[in-house]
Amino acid sequence: MTMHQMIQEAAEFVRARGFDGHFDAAFVLGTGLGTLVDELSDAVSLPYAEIPHFPGSGVSGHAGKLVTGSLEGKRVLLFQGRAHYYETGDAGAMRIPVALVKELGIPVFVATNAAGSVRPDIRPGSLVAISDHLNLSGGNPLLRDHSEGRFVSLTNAYDSDLRQILQRAARKSGIDLPEGVYAWLSGPSFETPAEIRMVQILGGDLVGMSTVPEVILARYHGLKAAAVSVVTNLAAGIEGASPSHQETKDTAAEASEKFKRLIRSFVAELPHV
Ligand code: HPA
C-alpha cells in the first residue's frame, strides 16, 4: 500500500466519525499538556489505536487520542500525544498524523512540547515560542522520500505571522513569551552536560526530543507551522541539573494552566480562514 493510500484510509476513517468539515488549526500536545482537550466544547475523540496506520503512543504523559471540538469559537484538531523518533527509530513516526492535517484542509499546524532550558534565565515553568531549530538528532522524516518536495526550505519554518499572533496572545493574557531556538536530540536518554554546553555554543536555547520532525513534515505539506515549549527543567548540568521524566511530567502539569490560557488566546486571535 502506498503512503497516499494509507493517508486516504486514515482520513476516510476519521471523517466518518465526526472529524469532517472545516477546521481552523491543529495542535500536537506534548508531555503533560494533553489536558487542553478538557477545554473543548462538543468534543469528539478517537483513540489512535483505532485509526488505520496511526502510530501508537507508548510514552507515559501521552494519551494517544485524536480529539476535535470548539475552542474560542474556532474548530480545532488536537493530537493528544505523539509518537517519537526514539520509540520507533523512524524520524517519520508522525508522517501519517501530519499528512492527515493536510488532507483535512487544516491550514495551521502547532506543535507543543516539554523542553529543557539551556538558558539559566529561562526558568522551569516558562513558556517559549520556538523561533527556529537545530536538528542534532541525525534523523530527518523526509529520508527515503523521493519526491521533489523533500528539498523543502526551512527558512521561516516557524511562521513569522503565527509568531506575531502568539506574541499578541501572550500580551493579552499577561504571559511572558520569550522566543528561542529548539535543539532536537534523539533521546530517549537525556543529554550529557557536555552536550548541553555544545547546544549553548551552537546557539540553542531549549533541548527536546520531538517537534522538529513534525515541523519539517508540516512545511513539506505547505502548512503554516508554529511551536510552543513548556520549560520543565534546566538542561543537564545547568546549575547541577539532572533531568528526569517524572520532573518533566510534573512541571508540565503545573505549567499547564498558563499553557492553556496562551493557547486559548492564540486560537481566539487566529484569523478566520
Ligand atoms: N532534554 C530533552 N528533552 C526534554 C528535556 C531535556 O532536558 N526536558 C523535557 N524534554
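Predicted model: local features only at pLDDT ≥ 70, side-chain atom pairs only at ≥ 80, totals over all residues.
Biologist: How are two packed helices described?

Modeller: Two packed helices are described by the angle between their axes and by the distance between those axes. Take helix H1 (residues 3–15) and helix H3 (residues 95–103): their axes are 9 Å apart, and the packing angle is about 65 degrees. H1 and H3 are therefore roughly perpendicular to each other.

Biologist: What is the handedness of the crossing of H1 and H3, and which residues make the contact?

Modeller: H1 and H3 cross in a right-handed sense. On the H1 side the contact is made by Met3, Met6, Ile7, Gln8, Ala10, Ala11, Val14 and Arg15, and on the H3 side by Arg95, Ile96, Ala99, Leu100 and Glu103. Sorted by class, the contact of H1 with H3 has nine nonpolar, one polar and three charged residues.

Biologist: At what angle do the axes of H4 and H7 cross?

Modeller: Helix H4 (residues 160–172) and helix H7 (residues 245–269) cross at roughly 120 degrees, and their axes come within 8 Å. Angles of 65 to 115 degrees count as roughly perpendicular, and H4 and H7 are therefore oblique to each other. H4 passes H7 in a right-handed crossing.

Biologist: Which residues of H4 and H7 meet?

Modeller: H4 contributes Leu162, Ile165, Leu166, Arg168, Ala169, Ala170 and Lys172, which meet Leu262, Ser265, Phe266 and Glu269 of H7. The contact of H4 with H7 divides into seven nonpolar, one polar and three charged residues.

Biologist: Now the ligand. Which residues surround the ligand?

Modeller: Around the ligand are Ala114, Ala115, Gly116, Phe190, Glu191, Val207, Gly208, Met209, Thr232, Asn233, Pro243 and Thr248.

Biologist: How should I read its polar contacts?

Modeller: Look for pairs of N or O atoms within 3.5 Å. From Glu191, a polar side-chain atom lies 2.8 Å from a ligand nitrogen atom. Asn233 also places a polar side-chain atom by a ligand nitrogen atom, at 2.7 Å. With Ala114 a polar backbone atom is involved, 3.3 Å from a nitrogen atom of the ligand.

Biologist: Where does Arg75 lie, and what is Arg75 in contact with?

Modeller: Arg75 is in strand E4 (residues 74–80). Leaving aside neighbours within four places in sequence, Arg75 is in contact with Gly18, Phe19, Asp20, Gly21, His22, Phe23, Asp24, Ala25, Thr68 and Gly69. With Gly18 there is a distance to note: the Arg75 side chain reaches the Gly18 backbone oxygen at 3.1 Å. As for Met1, Arg75 is 74 residues away in sequence and 32 Å away in space, C-alpha to C-alpha.

Biologist: What is the phi of Glu72, and where does Glu72 lie?

Modeller: Glu72 is not a glycine, yet its phi is positive, about 50 degrees. Glu72 belongs to the loop between strand E3 (65–71) and E4.

How values were computed
Residues numbered from 1 in each chain as written. Heavy atoms only, no water. Axes fitted to C-alpha atoms, helices over the stretch in contact; angles between N-to-C directions. Helix = DSSP H or I, 4+ residues; strand = E, 2+ residues; numbered from the N terminus. Parallel < 35°, antiparallel > 145°, perpendicular 65-115°, else oblique. Left-handed = near helix turned anticlockwise from the far one by under 90°. Contact = heavy atoms within 4.5 Å. Nonpolar A, V, L, I, M, F, W, Y, C, P; charged D, E, K, R; others polar. Near = heavy atom within 4 Å. Polar contact = N/O pair within 3.5 Å; in protein donor to acceptor, adjacent residues only side chain to side chain.
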